[in-house]
Amino acid sequence: MIPDLRAAFNAGYQPEQYRDLLTSLDLRSGTKIEFRVAETPVFLPKSMLDEIAQAGADLTFRLLDWPQYLASARGSIPPEFLVAGESRHPNFLTADFALVRAQNGNTQNGNVHAEHLVPRLVEIQAFPSVFAYQALLAQEYSSAFDLPKTLGTFLGGLNDEKFWRLFRETVLGKHAPENVVLTEVDPYHQKTLPDFLLTAKRLGITIVDITTLVPVGNKLHYRNATGKLIPIHRIYNRAIADEIIARKIELPFRLTDPWDVEWAGHPNWYFLISKYSVPWLAMPQKGVGTDSVVPPAVFLDDFLSGEGPDRLRAAGVEQPDDTGDETTYENLLLKPLFSFAGKGIQFAPRRAELIAIPEAERRNYLLQQRMHFIPTIETPHGLTQAEIRILYLWPDEGKLTAVIPLVRLGRGKMMGVDHNRNKEWVGASAAFWR
């Protein structure tokens, strides 16, 4: 996307540099990286990254200032996951964007230039991502491929030192590292373990399986290396409700009880700012025109028994007039609202598949216009698509700050690293700007 940087990287690429990258990532993170790392970073105009980051922030503030939305989203939280002590705002946020062709975007020799691309929201989620690992990945790309020292990767006016300071403030709050834990379900067998280890090492906190927490009175505790019970003052929560439900895990404490503990990433925000917000953000609103970054979307129950089809057509999404069981909606994606890492997404669903979802569960799905990612990254294996995720930090007493971009490269329908395992020059990547 920055042609001279792209051309120089491709011309100078050596396979041994990539092997060195993978070796160093394993060594520095303290474990084997189990997901695919792309052979290349991407080089994006800073103006594009700033535009995408601002779009994610604007959408977030729109939701936070929308009482009707928040009330409806809160009603979607399963009763057993409605946690006490909700914070005033989320501490962590991710916003994923596709790059699609602008309506008037022209091409030359089949290539789409940056000025002819516009961002479109894929999803937004108030939940932590791999902050520590992404900072390391960018650093290792720069080292392995000897990238120009003038290139930046952090956003929000941050550098490496300022990023770690802000990350520390957001995770620890005002507490000593000994009393802060990173909780996850079976953390040492998660693909995100490299990020956990890097976070724990850098911040001095302990990684704890959430199923091993010990309640005593109104306090939660963990056992340190010697078996001593240590009181927990703050939880850096990485345990996903969807996984707890899917695995039928019974926690040793009730999440709904008023525990004397702070949450870095309060669990309620996982539901309050999530894919649930997309149909709301897609509704016509004053001041939001047809060039909105949000693609048309409706809830499944509204699509099957409400005004959803008409709203999609009004937004320009073509649909078949037939309503038979074999009718296929080629221009739509079916998404479960509270799944993670692309689980359960279905392209071009058939009407029979939509109707097969029980009525009581249909409110937990959305239908969204399928976006066609524009392949923009030139590689030895052809043009490749990029999905750009902006990672944000928001300390308890600070401001929302876009800190670093995360990139997924792919050449198939799905952009997640799990869906591009048997290809080259795809996978998890980082973005650099001049």
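A charge is taken to sit over a ring if NZ of Lys or CZ of Arg is within 6 Å of the ring centre and within 35 degrees of the ring normal. Lysine 46 lies over the face of tryptophan 433 in this way, at 4.9 Å from the ring centre, and arginine 202 is placed over the face of tryptophan 164 at 4.3 Å. The model is a predicted one, in which local features need pLDDT of at least 70 and side-chain atom pairs count only at pLDDT 80 or more, whereas totals for chains, interfaces and linings use all residues. Residues are numbered from 1 along each chain as its sequence is written, and side-chain values use heavy atoms, with hydrogens and water left out.

Rings of Phe, Tyr and Trp (its six-membered ring) pair if their centres lie within 6.5 Å, planes under 30 degrees apart counting as stacked, over 60 as edge-to-face and the rest as tilted; by this rule the count comes to 27 aromatic pairs. Phenylalanine 9 and tyrosine 13 form a tilted pair, with 6.2 Å from centre to centre and 40° between the planes. The centres of phenylalanine 61 and tryptophan 394 are 5.7 Å apart and their planes stand at 75°, so this pair is edge-to-face. Tryptophan 164, over which arginine 202 lies, belongs to an aromatic cluster that also includes Phe92, Phe131, Phe154, Phe163, Phe167 and Tyr236.

Arginine 389 joins its side chain to that of aspartate 96 by a polar contact of 2.6 Å and to that of serine 129 by one of 3.3 Å, a polar contact being a pair of N or O atoms within 3.5 Å, of which, within protein, one must be able to donate a hydrogen and the other to accept it, and residues adjacent in sequence count only if both atoms are side-chain atoms.
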